[in-house]
Amino acid sequence: MLSSAHDLFRGLPPGTSVAAFNAITLEHAEAIAAAADETGAPVVMQLSQNAIAFHERPEAIAAAMVAVAETASAPIVLHLDHITDEELALRTVDLGFSSVMFDGATRDYEENVAATRRVATWGADHGIWVEAELGEIGGKDGAHAPGVRTDPEEAARFVADTAVDSLAVAVGSSHAMTTQSASLDTDLIERIAASVDVPLVLHGSSGVPDETLLRAARAGMRKINIGTALNIAFTGAVREWLDAHDGVDPRRYIAPGRDAMARTCAHYLEVLR
Ligand SMILES: [Zn+2]
């Protein structure tokens with residue numbers, strides 16, 4: 001069922017987190033919903049600006065995600081992820097989503113604050129949950145930023161200045177990692193969680209070992225973003241099928257790819273349960 005971000009985060013027990021999976025194709029969305037239904041866990045299903053660029057426009061894939069969420073039995077929150085285009089962020093309502101991450105992390109601090117505040121104010125007026133990022137989490141588009149950390153005092157100031165609903169912070173993870181080898185600064189997560197009164201979001205979680213993810217949730221991370229792990233599962237299964245079979249019907253190899261993504265999602269939902 002389609003659920004709202006406000007309801008999800010309001011009802012989240014202390015010390016627990018919700019998994020947020022990135023959908024690129026319809027099959028990603030179906031796999032995420034299948035795992036949510038299997039485990040009964042609520043999930044966030046998110047669509048990034050990069051994925052929208054792949055489809056060239058947001059309407060079709062967003063409508064498909066709304067339909068998948070509406071027909072699932074588990075609660076599913078739809079979220080626009082890493083939106084750098086302010087105009088696109090303001091389309092959250094008409095795309096049928098309830099949550100958006102406005103990504104101003106590459107702007108300088110004052111510009112990030114001003115733009116994020118505009119989106120957060122709009123979100124408050126329209127019932128939309130607004131996530132923002134402070135301290136650039138590297139790894140996207142090859143822009144790796146190792147060692148970047150969010151300062152707890154700056155985080156408190158940023159949340160007060162922007163009135164965002166949740167905050168993505170840099171604590172050691174990085175986007176697009178294909179091995180689970182990142183180590184997280186759990187002490188820093190606790191310090192940031194103590195200094196701000198909004199849920200914290202971990203990006204780049206595919207590169208983080210399972211037990212570290214659980215520790216991060218216990219330390220104060222409320223939303224755990226997972227994207228690359230689904231693509232590793234999908235591409236691995238498709239490659240295995242194509243290596244072993246002839247045939248041209250895409251359903252034959254996309255189905256095992258979709259199943260592999262659903263197993264990966266279910267695994268994370270069990271880890272974070
Ligand atoms: Zn991210």
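**Aromatic pairs and helix packing**

Modeller: Trp-241 has a relative accessibility of 11% and therefore counts as buried; the term buried covers values under 20% relative accessible area, exposed those over 50%, and partly exposed those in between, with a 1.4 Å probe and protein chains only. The structure is a predicted model, in which local features need pLDDT of at least 70 and side-chain atom pairs count only at pLDDT 80 or more, while totals for chains, interfaces and linings use all residues. Residues are numbered from 1 along each chain as its sequence is written, and side-chain values use heavy atoms, with hydrogens and water left out.

A search of the whole structure returns 3 aromatic pairs. A pair here means rings of Phe, Tyr or Trp (for Trp, the six-membered ring) with centres within 6.5 Å; planes under 30 degrees apart are stacked, over 60 edge-to-face, and the rest tilted. Phe-9 and Trp-129 form a stacked pair, because their ring centres lie 4.7 Å apart and their planes stand at 20 degrees. This pair joins distant parts of the chain, with Phe-9 in helix H1 (residues 5-10) and Trp-129 in strand S6 (residues 129-134), 120 residues apart. Helices (H or I, at least four residues) and strands (E, at least two) are DSSP runs numbered from the N terminus. Both Phe-9 and Trp-129 are buried.

Trp-241 itself pairs with Tyr-253 in a tilted arrangement, 6.1 Å centre to centre and with 45 degrees between the planes. Trp-241 belongs to helix H10 (residues 228-244) and Tyr-253 to helix H11, so the pair ties together parts 12 residues apart in sequence. Whereas Trp-241 is buried, Tyr-253 counts as partly exposed because its relative accessibility is 21%.

Helix H11 also holds Arg-251, which is exposed at a relative accessible area of 63%. The C-alpha atom of Arg-251 is separated by 49 Å from that of Ser-195, 56 residues away along the chain.

The packing of H11 can be followed through its neighbour H9. Two packed helices are described by the angle between their axes and the distance between the axes. The axes of H9 (residues 210-219) and H11 (residues 250-271) come within 10 Å and cross at roughly 50 degrees. Each axis is a line fitted to C-alpha atoms, for helices over the stretch in contact, and angles run from 0 to 180 degrees between N-to-C directions. H9 is therefore oblique to H11; angles under 35 degrees count as roughly parallel, over 145 as roughly antiparallel, 65 to 115 as roughly perpendicular, and the rest as oblique. The two helices cross in a right-handed sense, meaning that the near helix is turned clockwise from the far one by less than a right angle, anticlockwise being left-handed. At this crossing, Asp-210, Leu-213 and Leu-214 of H9 meet His-267, Tyr-268 and Val-271 of H11, contact being heavy atoms within 4.5 Å. The residues of this contact comprise 4 nonpolar, 1 polar and 1 charged; Ala, Val, Leu, Ile, Met, Phe, Trp, Tyr, Cys and Pro count as nonpolar, Asp, Glu, Lys and Arg as charged, and the others, Gly among them, as polar.

H9 also packs against H8, with axes that come within 9 Å and cross at roughly 25 degrees. H8 is therefore roughly parallel to H9, and this crossing is right-handed. Thr-186, Ile-189, Glu-190 and Ala-193 of H8 meet Arg-215, Ala-216 and Ala-219 of H9, a contact with 4 nonpolar, 1 polar and 2 charged residues.

H8 in turn meets H7: their axes come within 9 Å and cross at roughly 35 degrees, again with right-handed geometry. Pro-152, Ala-155 and Ala-156 of H7 meet Leu-188, Arg-191, Ile-192 and Ser-195 of H8. This contact divides into 5 nonpolar, 1 polar and 1 charged residues.

Ile-224 is found in strand S9 (residues 221-226) and is buried, at 0% relative accessible area.
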